[in-house]
Amino acid sequence: QTTLKQLYLTIINEYLNVVQVLAVCLLSEGQRLYLHWSHKTGIVVTLVFSVTATAILSDLWSKEWKTLLLSLQVTAPFLHVAAVSLMAILSWPIALHFFRMNKRVRQVAVLGLYLSVLFSLYLVPLGMYSPCIKEAGTLGPAPALIGHRGAPMLAPENTVMSFEKAVEAGGEGLETDVTISYDGVPFLMHDSTLRRTTNVAEVFPNRTHFDASMFTWAELQQLNAGDWFLSRDPFGTVSSLSEADCSQAQNQSIPSLAQFLEVAARSGKLVLFDLHRPPYGHPYSQSYINTTLQVVQAHINSSQVLWLPSEDRELVQTVDPELQQTSGEKASIQELTDGHITRLNLHYSTMSQQQISKYQTVNISTNLYVISQPWLYTLAWCAGAQSVTTNSIHILSNINKPLFLMVSMLLSDIMMNKVNFSTSISSSYITSVIILFPFVQLFCKLAHCCSDHDVRLRIFQ
């Protein structure tokens, strides 16, 4: 019944959209509208709904507008070519309307508006920025893939199964979050409580609101960390898993940091983790860094560890200089080098080709998180990011080249056959040719109409 309701609403909405388009067309021809009262009501309701929905989505997606702007960096060249092509298509009806208008003022207004938009499109490339427009041969290697809490689309996050799946999918690194148990065992848990990813409500119903670090390791081992994944299906991927994988996922438990490091050590993968400080009154609230560091040194080569915690960084660097010091914040090159920072771990919304390149000149790599969409991975690739943290490691590992790439070439390179012209086309040349076409088309049609009065009358008829 819900599906049928959605279908009916979709049909009604599309019908009203068609009515609105037809109404605009009639008004542009100077025709009066004779709409049925139901059409008038439907149009008003649709307009009110559209405005309200836009306002609500604008508020809900306030943090996603940055992503929208980033998407324009990928699609802007293609949207520009599409806009110019649309203007070329509109040149014929514009020419017709120009001559069908009786008042000179309207003719000037219509033609002026069209040419203004066209001229603006001609100037757009001057202010257009896209890292996906590159000179031939300047595209760097694909960013390395770091599994965000393993492979959370294929297995419950932060479980041994999840990290093994990430390794199988071709990940070059593993990312997680570490918390210290009440008796001093570092274990993997992202949330401050155990409610979302375990069955703590069944085993310890009176402690569901407790901080995860307030449980002993023995108590944590009593919890199931896989059932929630199968029942909630957070990424809609459970149906694609085999029976064996579902059975394995159902029996996952909370892993210790030592277990996690052993998986990475066996496969030779990098590890990146954040470390949660225990709450006040916890037995290890002052020594949690040393406790974690001891486990790291006992189970993996320190050079494989991207050390992200910022607290007591100088002390950690002194104790184990082999760790790859990683910062989660931007800073000047001088501050980063003084802090022995070799890698930045930044949100993808801060992506900047210029900054990534600047840091790279002093051997500071940039990792961007969390990138799970192929188009965003393409943008990070073109911007020069050295690695990305992702939920969809099994998808991104199959991308062999950027999805959106426009290679800019010099004419001399084309003439000397240094570049394969059939596969690499200069966006600037294409834009220049296409954008001039509407000018020529429009003026040819205007000249044709002006030169033959009879033809113009036939057009009017």
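pLDDT is the predictor's confidence in each residue, from 0 to 100. I also noted that a contact means heavy atoms within 4.5 Å.

**Ground rules.** This is a predicted model, where local features need pLDDT of at least 70, side-chain atom pairs count only at pLDDT 80 or more, and totals for chains, interfaces and linings use all residues. Residues are numbered from 1 along each chain as its sequence is written, and side-chain values use heavy atoms, with hydrogens and water left out.

**Confidence.** I found a mean pLDDT of 84, with 85% of the residues at 70 or above. Residues 409-429 stay under 50, yet the model gives them 23 contacts beyond four places in sequence. Residues 455-461 are also below 50.

**Cysteines.** I looked for disulfides (cysteine sulfur atoms within 2.5 Å). I found zero. Cys132 is buried at 2% relative accessibility (buried is under 20% relative accessible area, exposed over 50%, partly exposed in between; 1.4 Å probe, protein chains only). Cys382 is buried too, at 2%.

**Salt bridges.** I counted seven in the whole structure (a side-chain nitrogen of Lys or Arg within 4 Å of a carboxyl oxygen of Asp or Glu). Asp245 pairs with Lys165 at 3.1 Å. Asp245 is buried at 16%, and Lys165 is buried at 15%. Asp191 meets Arg196 at 2.7 Å. Asp191 is buried at 18%, whereas Arg196 is partly exposed at 29%.
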